[in-house]
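Colleague: I am new to this one. Could you walk me through it?

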Amino acid sequence: MPIRRSALTLMFAAVAAFAPMTMAMAADGDLIIRNARIVDARGEQGGGLATIRIVNGRIAAIEKQARKVSGKARGTTTIDADGGHVAPGLVDAHVHMMWSPGCALQHPDARTENWKQTCGRLLPDYLRAYLASGVTTIVDFAGPGFVHKAIRKLEADGAPSPRYEYLSPVLATAGGYGGVPPFADPDFMLVASEADVDRAFGSAREAGVIGVKVLLESGFIDFQKMPTHSAGILARIGTEAKKNNLPVFIHASSEADMNRALDIAPRGLAHTLINRDTPLSQAFIDRMAKSGTFQVSTLQTTDSYLNRHEPRRLSRPGLEVVPPSELAYARDPRNGDRAVSLLSGNPDDPVAVEQTAAALSPNSVNRTLKVSEGAIRALARAGVPIVTGSDTPHHPFALYSFHGPSSIREMELLGEAGLSPMEVLTASTLTPARMFGIDRDQGTVEIGKIADLVILNGNPARDIGSWHKIKWVVRAGRAATPARWLKFRDTAR
Ligand SMILES: [Zn+2]
């Protein structure tokens, strides 16, 4: 594929005892769900209608449906699932809350505290959009500390938010991916020595991260040569990860880099193949299956570029949760053209811009997307645990990855890749919970777990489209319809 290097910078790319309800004080997070059909990664549960009792934000009891609810504490909310399916809340294992779609097109200087007035202005809306889309946990795969703090502040103020966890600091190589603009930033730590690695793990521990992200990217196309971590640095990262008991998640987009990543037994790979023409080798698939490493999908990063060519995709169901100003911005073709010229890395060079446009043509995008989907399918068939991660919005210039609906799009793409609706459900609930070590608290509809639930007008174990038929989303026992989640004000309740 004769594309110049400049054209390719774009494609980087406890169980709680059941307290008798008559004794329990109803509090925020006390809820009864009637007429529920429970479905999770273990399959359809209970063989009939059930009543789910939630106390203090956790599932306290799951009972075979009684004709009448007994022992209901005063003030407890009851909702009727009306025979709909109740599934675990979704996890999007890979997002970036520091970016809004196209944020760097509008605000080139947003990567500072200035972010709050620019790309971060709609942050409460993004969190609500995730909830309205059924996503009750998001994991920030890289972002500055001021973003983590802003979200913790919103949570403390009672603003609706999915569970929020974050990785980082990101270990990058000077002059390599993440070590040059538009990514270079204090939250991308450049490691040049083993002492740097030790320091990075020290600050990761202090920052309360759920894992550490490492960039290992030698080029988004075969002849692009970027410097990456040396074997010594990589080995040290593996040692420090074990010593600090912090899982490592590695960005790699080619088989060669993924193979190097597996040398230090990472918990997960952040992406599958991106922008590649060659499928994964059987040797790699076998090695990955033996390794126990989780594979995060990020297919929508590639797919999203089709929106520029098919504007009707910007009216798809699900996008009603996107802030209207953001959709209007994405629909203006002049902004799509500008994004392409900036993605070229050299907007004044018409050749570079032309080559970037070619790399983002429907043919190119569809071709490489098929390769990425094939990789996910092959890994899944080999028994590799697949995890739904949309990587929204995936790049500061990316215009068509939207907080919330892009997570659902990622699930549809996993379906297109050949995963069954049940495999997609598992990849979006229990498997990410296991990957991040939070499956004691979430991932299934079980007594003792946090009551993060989605009530659907359809069976998600049979039809991925059910995720577009959400009736209620419950976050830690707080239930609302998607429309209501969107309307919540920061001070509500
Ligand atoms: Zn990412």
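Modeller: Happy to! One term first: two residues are in contact if their C-beta atoms, placed from the backbone, lie within 7 Å. Please keep in mind that this is a predicted model.

Colleague: With that term in hand, which residues does L414 touch, not counting residues up to four places away in sequence?

Modeller: L414 belongs to the largest nonpolar core, where L414 is among the residues that touch the most other members. Leaving out residues up to four places away in sequence, the partners of L414 are S297, L299, I376, T388, L419, V424 and A427.

Colleague: How many residues does the largest nonpolar core have?

Modeller: In the protein chain of 493 residues, 52% count as buried. In soluble globular proteins, nonpolar side chains tend to be buried together. Here V86, L171, V212, I250, L414 and V473 touch the most other members of the largest nonpolar core, whose residues number 140.

Colleague: Is A36 buried or exposed?

Modeller: A36 sits in strand β1, residues 31-40. Its contacts include L49 and V86. A residue counts as buried if 20 or more other C-beta atoms lie within 10 Å of its own; A36 has 27 within 10 Å, so A36 is buried.

How values were computed: Residues numbered from 1 in each chain as written. Predicted model: local features only at pLDDT ≥ 70, side-chain atom pairs only at ≥ 80, totals over all residues. Buried ≥ 20, exposed ≤ 12 C-beta atoms within 10 Å, placed from the backbone. Helix = DSSP H or I, 4+ residues; strand = E, 2+ residues; numbered from the N terminus. Core = buried A, V, L, I, M, F, W, Y, C linked by C-beta atoms within 7 Å.
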